Amino acid sequence: MTAKRITALIIVALGVGLGFFVYSSESSRFSYKLGLDLNGGTQLVYKADISKISEASVDDSLVALRDVIERRINVFGVSEPLVQLEEGSIVGGSSEKRLIVELPGVTDIEKAIDVLGKTPLLEFRLQKDNLPTSEEEIAKLKPEDVFTSTDLTGRLLQRAELQFSNGGGLSSAPGETAVLLVFNTEGKELFAKITRENVGKLLAIFLDGEPISTPVIREEIKDGNAVISGGFTLQESRELVRNLNLGALPVPIELVGSQVVGATLGQDAINAGVKAGIVGFALVALFLLVWYRLPGFLAVLSLALYVLIMLSLFKLIPVTVTAAAIAGLIMSIGMAVDANVLVFERMNEELKAGKELKDAIAEGFARAWTSVRDSNISNIITASILFWFGTSLIKGFALVLMLGVIVNLCTAIFINKIFMFAVTSSRQGSLSRFLFGKGLGR
Amino acid sequence: MFVIKHKVIFIGISVLLVLLSLGAIFTYGLKPSIDFAGGVLVEVSYPEGRPEVSSLETALSGSDLELGVFSLRPSGEDAVTLRARSLSETERQTLLGILSVNNTEKIAVERFNNVGPAIGEELSRKAFFALGLVVLVIILFITFAFRGVSKPVSSWKYGLVAIVALIHDILIPTGVFAVLGYYMGYEIDTLFVTALLAIFGYSVADTIVIFDRIRENLKKKVEYRGKETFEEVVGNSLRESAGRSFNTSLTTGLALAVLYVFGPDSTNHFALTLLVGIVAGTYSSIFLASPLLVLLEKWQKKVM
């Protein structure tokens, strides 16, 4: 008995500690991870067009796609972005490959789409042979007619740098900003070959299908460096450097779904959720106290412990807190009482049948166990299927439900049992009969 | 036990409610949200005062967006909500241009939700699959859990009855939503399906607790060579476990009612669905499942 009491005290102390952790850790790295619907933010769903990619390299290029997008987001400076690949499931009847991007805190969808979707396509094109000689005829030609593609593209780029041109290299006009291109080994060789074989011709640099500069090849360039300058402003060159460094997308993508939630809606939802949680807990606690008296009070303690453990888990795992997850937690406060109620009802029956208090408690827990177990298994089954079904919104709810069942088994059965034995005295007066009774009367 | 004595009345009430729900579902139909149907949901607020909704409406239908059927409603104090078909990126910009009256009104996009048709379709298939899967797994689970009890009613029949109760528990909230959808524009969205799945879990848990009591009392009867009929055993079990069933539903219902009243707008319909489902679930586990078991046993006797 003394051992049980000491254990109970330790548990209460741990609970207080847990409460302190939940309360004080908000500004540390253990803060709640709020979902888009609460924090405000943008979710973009892209479809990856893999029709032109051989089956064997689909997975690789999708991973590369994710990396490129991640790099672009990092430039954007979003904290805790989420980029994940998703496959249309067989059940859903499609095999679309999708990329889901979540940007918490970003509500400017335009900018987001812009940063993510921009595909700088850098190409070097060579002047065609047999071009008409008269100036008039040349003026009529479109860029596509004058230049032919080479294999030299942004793919072979190692890096790009901002430069203040001094008139050297392929560029002209000293003094303006320019972009230095450094090719990788393959690109270096190709560049050398092209320049060696075509001295005297024009080598045009195309960006996104537009010629931005058309320098003449004066000699073979062996070091693999090229400079482009097309009268860029400083701002433009900066952006170009950034986009070139981020790399082109390995797979074309198309925006198929998007969601933006303003920050005010989210804050309102949090406030409402917290309020509902407190009121809900208070009402459930009141019911337990009035109906089940002393055991009810102990159940309130273990229920409080339940909430604290859940909140700590939210922080530690971390669980993405969405409005649905909050709803799940509030609902689980009501459901968590179930195990307690089952035990108390059982215990009361045993008391009525004339058993000693201690035996009645033990019997109550033992007898209620099978139904607690079976009914919780059915909840776990549905929660797992929900988790599989879910979009990120639903997954939060399912996870909360599942955690709730497991944590609840621990608090309502094991911890509550220790509490119950801790307050039991060996003497049984009418007071303890009353305290362990139930209902509104005596 | 009065529930067993008047079982026909209680089962009758359930049948009536289910028929009403089915009627509502078939006459009014269910309104799928853009989660399933695809489309766009935009909420734009006007911090400097909302222009006439009707003039916005005219501007929208007169634009070259070709929105087709759309709905534009005022929401809150200074916002409007638009529902329409799914939009491309350029169409989105055109739309915001129109809503800001060619950039003369200051607007803030509170919510912009665009679901491509393919995604919606996939999600609906997935939802049906998930619902079916839950039913199947639960029948199997109950059959397994009650494998020890096969007399006088075989264990798979417990599973069957639990499923009947389940169908009852999800048809009723669905029927309620059909009515609300018709009169108030409530939609069937992902959260609704989530609520249904959660009701599944709850309803079965609730039914299992009572069945568990029947299982225990049947074992006792065999042990002590009791003379009670199956009907009496079920009646006693029900009396013993109804209090718990009611109390648990009360606390869960309390929590949900509070969520409905005080909780965030986005989970309002969700809380309502769950609340209706849990009330139906409590009713069915006390007044439908056990009486049905007794009926099954009677029919079985007649046949044999």
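**Helix packing and chain contact**

Modeller: This is a predicted model. In chain B, helix α9 (residues 230-262) packs with helix α10 (residues 268-303) at an angle of about 175 degrees, and their axes are 9 Å apart.

Colleague: Which residue classes make up the contact of α9(B) with α10(B)?

Modeller: That contact has 18 nonpolar residues, eight polar and two charged.

Colleague: Switching to the interface. How many residues does the contact take from chain B and from chain A?

Modeller: Chain A gives 64 residues and chain B gives 57.

Colleague: Which elements give two or more residues to the side of chain B that touches chain A?

Modeller: In chain B they are β4 (108-115), α6 (117-145), α8 (190-223), α9 and α10. By class, the side of chain B that touches chain A has 34 nonpolar residues, 14 polar and nine charged.

Colleague: What does β4(B) pair with?

Modeller: Strand β12 (residues 253-261) of chain A pairs with β4(B) in the antiparallel sense, over five bridges. Within β4(B), Asn114(B) is the bridge partner of Ser258(A).

Colleague: What ipTM does the predictor give the complex?

Modeller: The ipTM is 0.84, with a pTM of 0.78.

Colleague: And what is the mean pLDDT of chain A?

Modeller: Chain A has a mean of 79, with 83% of its residues at 70 or more. Chain B averages 86, and 99% of the residues score at least 70.

Colleague: Where in chain B is confidence lowest, and where highest?

Modeller: Helix α1 (residues 2-5) of chain B is lowest at a mean of 80, and helix α2 (residues 7-28) of chain B is highest at 93.

Colleague: How is chain B split into domains?

Modeller: The domain assignment gives domain 1 (2-34 + 118-303) and domain 2 (39-115). The C-alpha centres of domain 1 and domain 2 of chain B are separated by 42 Å.

Colleague: Back to chain A. What is the order of the open sheet of three strands?

Modeller: The order is β7-β8-β11, with antiparallel pairing. The edge strands of chain A are β7 (157-164) and β11 (225-228), each pairing on one side only. The twist averages 25 degrees from one strand to the next.

Colleague: How many bridges join β7(A) to β8(A)?

Modeller: Seven, with β8(A) covering residues 177-183. One pair is Phe164(A) with its bridge partner Thr177(A) in β8(A).

Conventions: Residues are numbered from 1 along each chain as its sequence is written. Chains are lettered from A and ligands numbered from 1 in the order in which they are written. This is a predicted model: local features need pLDDT of at least 70, side-chain atom pairs count only at pLDDT 80 or more; totals for chains, interfaces and linings use all residues. Axes are lines fitted to C-alpha atoms, for helices over the stretch in contact, and angles run from 0 to 180 degrees between N-to-C directions. Helices (H or I, at least four residues) and strands (E, at least two) are DSSP runs, numbered from the N terminus. Ala, Val, Leu, Ile, Met, Phe, Trp, Tyr, Cys and Pro count as nonpolar, Asp, Glu, Lys and Arg as charged, and the others, Gly among them, as polar. Two residues are in contact if their C-beta atoms, placed from the backbone, lie within 7 Å. Two strands pair if DSSP finds at least two bridges between them. pLDDT is the predictor's confidence in each residue, from 0 to 100. Domain bounds come from an automatic or database domain assignment.
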